[in-house]
Amino acid sequence: MIDVFMFGSMGLILGILAGLLPGLGTGSLMGAMFVILMSTAPINVLIFYLGVLTSAQYFGSVSSIITGVPGDTSSIPSSVWGHKLAQQGKGENLLFDTAFYSLLSGLISFVLFLLMVTLGLYWAKSLSTIVQTILLLIAVICIISFSQNKLTVNALLAALGLGLATIGYSSNFQTYFFVEANSMFRHGIPWLPVLAGLLVIPSVSSPIIKSQLSPSPAIISIATTLKNYIVAIRGAVIGFILGTVPGLSYNLSSLMAAKLEEKLSNDPFKIVVSSESANNAGAVSTLLPLFILGIPITASESIVLAIITTNTTLQSIPDIFKNNLIIFSTYFIIINLLLFVAAWKFATSISTVVFKYQRLLAIFSVLLVVGSTCWLGYYQGNLLVTVITLILSTLIGIYFKKIDWIPIVFIMVMQPFLESTAAKFIQLYL
Amino acid sequence: MKKLITILLFSLISSFTLAAGRLTFLQIGAPGANSELYSNLMSSRLSERGWDTSLLNFLDCKGAEEWIKKNPQKPVIFMTWSDDFVLPITQPENPRSCPALTISEKTLVTVINKSHHMFCSRGDLGLTEFMSSKPTKVGIWSHPVQTLVAKDLIKDLKLEHKIVGFAKGADLLQALVSGDVDYIVVSSENLIRNIGGQCFLTTASPVLAKTMSNLKTTQAQTSVESLGFKLSRLGTGLIPLYVSYNTNIAALRIDIVDILNTRPEYSKLYTSINQKSGLVAGQSTAEQWSAFSSFLNSFTK
């Protein structure tokens, strides 16, 4: 039991870092922890992963809203819409609301998760390649339809994003697209510097609207917060369903919830609340195939499976989950309560710093996003292309600030899944 | 805020000073991929035994080869899978393909093989159904060894089953559960235990396939060993083989592909490599480590 507590605490703390720091996603973190987790009991691995996944969702929104730098892909909506609200002095309220609804949607989703345990196999059976293709096409149509530019501009940006992300070697089609095998672009154009250059840097480096900033702490009112419960529940339901889509999982959850809310209300506050509720719900439902059937649907889950199967041939993940259901349930509820308090308190204490050190924070945010993007490029042996992409994207992002670049970024993020689904579809049905 | 900056700076500095170790592991593959995980594992096992090790990742072979050329005096362990090792012949365009892998007396190549491959179904189909003439769909992870195993078995049995390649191993299970394919080729029956599936072992030999009964998943592992496939392990469930200096890598690759294509017994692959490398791995984990460590000592001095 002490082991479980230790790995649970470690998952909680490292998950916060994964949420705060761009580039350090849950997948990279699980990969880095592989050796340590290899030598421990399988239940500790699963508890650690649950802690990482949950805390990364809570704190991904914190860094996105305060600095405008998304810790992971699912926090992109918060960095786009939430950071603007923080610049207007509404960050503290927003952080409280997102923490509150993250807690609520997390707990609701866990109840749904337990109810779905018996239905998990039926849901997995229904996710054939045809269904996955339809879901992805709906997501692409939503991205193109709901963005702020004209429809034709959105379609062109989406096509450009698809083209850029296709550059390089395709393991699905086993060939190079648009470049030769010895080209410096043979690894492709990474999406992180494009996101940083087009969306993050122009946003965080813009002059802060001082007149709209409030020097006094914001008034946190539960009554005001509760007004958004329908928005949050809507986001949680969308997030829970889309969280089970292989590959994109809770990234698709937050994106679709944000785009739908933009269409329905176009209120940045509601958009962030909806997307954050969705990614917390999605982070729970994404575990369904893994915990019930032993099927990993994200990169980080594949690593968890690799650790467990390398570690033991006697127990499977569903066996471990079923045999320790009470431990998992207790841990999940406790960390959600802890993370709510941490994110909330973090919100109230950070607001003072935000108001006091606005310019320093802007500089720090730019350094953070540039540093982490370059570090990831270096780690992947693709530093030069990363730097070139970052510089070009930043220049374009600053010069064409009025364009909504979201379609290009989201399609680049989705491209690997679009490509693998297309490859599967072609082989199976054409 | 200060703490955050400190953590950020610490992580940046740590990552940039990673390459300072005495014994460097080179591996090709995306961060978080299995190759990195197992390189990490091997590296840590060596660290436990007193080696000063570090790990470098490259997205393709070109980057790794450039690094070796720039650092000829640094002892290097180049980690590769048997699947990747034969890529220059089977998929020369693949970025993981290393046609002119530089081996000096300071470089050691480790080739890792999975112990066996098996065909698995959702549970309603077994070996008998597989061998019937009714065409069906077989999902494979698009890597050379699995491709060869599946293609050869289907060809040997004169079947018309369609092979569907998946870029990620994880997609295979989903495809099987959702009914996109009827069989998948995997190297561990653990993966399908929870969906009520069943597996039968194959090394693509029709004689072996025909003599085997329709095995339940829990019996498959026992059957592997009862058929004489009891193989030495290095604590990871995988088989490491070492290729030393002066080995003719091109010839070795051809041999491996030939064995994979024509093997009557899969174990011949290991015998062949051990003879070529001049290093015979011990039967127990301790003996393997002992052999590996003494070999490392000889080339790092």
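This is a predicted model: local features need pLDDT of at least 70, side-chain atom pairs count only at pLDDT 80 or more; totals for chains, interfaces and linings use all residues.
## Phenylalanine pairs and a helix pairing in chain A

The rings of Phe291(A) and Phe321(A) sit with their centres 5.0 Å apart and their planes at 50°, so the pair counts as tilted. Phe291(A) belongs to helix H15 (residues 288–293) of chain A and Phe321(A) to helix H17 (residues 317–323) of chain A, so the pair ties together parts 30 residues apart in sequence. Phe321(A) is buried as well, at a relative accessible area of 3%.

One aromatic cluster takes in Phe110(A), Phe113(A), Phe291(A), Phe321(A), Phe328(A) and Phe332(A).

Zoom out to the whole structure, and a search over all chains turns up 16 aromatic pairs. Another one of them joins Phe100(A) and Phe340(A), and this pair is edge-to-face. It links distant parts of the chain: Phe100(A) is in helix H6 (residues 91–116) of chain A, Phe340(A) is in helix H18 (residues 325–356) of chain A, and 240 residues separate them. Phe100(A) and Phe340(A) are both buried.

Here are the two pairs side by side.

| Pair | Centre to centre | Angle between planes | Geometry |
|---|---|---|---|
| Phe100(A) and Phe340(A) | 6.3 Å | 65° | edge-to-face |
| Phe291(A) and Phe321(A) | 5.0 Å | 50° | tilted |

Now for a helix pairing. Helix H13 (residues 249–264) of chain A packs with helix H14 (residues 268–285) of chain A at an angle of about 155°, their axes 8 Å apart. Angles over 145 degrees count as roughly antiparallel, and that makes H13(A) roughly antiparallel to H14(A). As for handedness, the crossing of H13(A) and H14(A) is right-handed.

Who meets whom? On the H13(A) side the contact uses Ser249(A), Tyr250(A), Ser253(A), Ser254(A), Ala257(A), Ala258(A), Glu261(A) and Glu262(A), while H14(A) brings Lys270(A), Ile271(A), Ser274(A), Ser275(A), Ala278(A), Asn279(A), Gly282(A) and Ala283(A).

Finally, the chain as a whole. Chain A has 21 helices and two strands. Of its 430 residues, 62% are buried. And if you take the contacts in chain A between residues at least 6 apart in sequence, 79% of them join residues at least 24 apart.

Notes
Residues are numbered from 1 along each chain as its sequence is written. Chains are lettered from A and ligands numbered from 1 in the order in which they are written. Side-chain values use heavy atoms; hydrogens and water are left out. Axes are lines fitted to C-alpha atoms, for helices over the stretch in contact, and angles run from 0 to 180 degrees between N-to-C directions. Helices (H or I, at least four residues) and strands (E, at least two) are DSSP runs, numbered from the N terminus. Angles under 35 degrees count as roughly parallel, over 145 as roughly antiparallel, 65 to 115 as roughly perpendicular and the rest as oblique. A crossing is left-handed if the near helix is turned anticlockwise from the far one by less than a right angle, and right-handed if clockwise. Contact means heavy atoms within 4.5 Å. Rings of Phe, Tyr and Trp (its six-membered ring) pair if their centres lie within 6.5 Å; planes under 30 degrees apart count as stacked, over 60 as edge-to-face and the rest as tilted. Buried means under 20% relative accessible area, exposed over 50%, partly exposed in between (1.4 Å probe, protein chains only).
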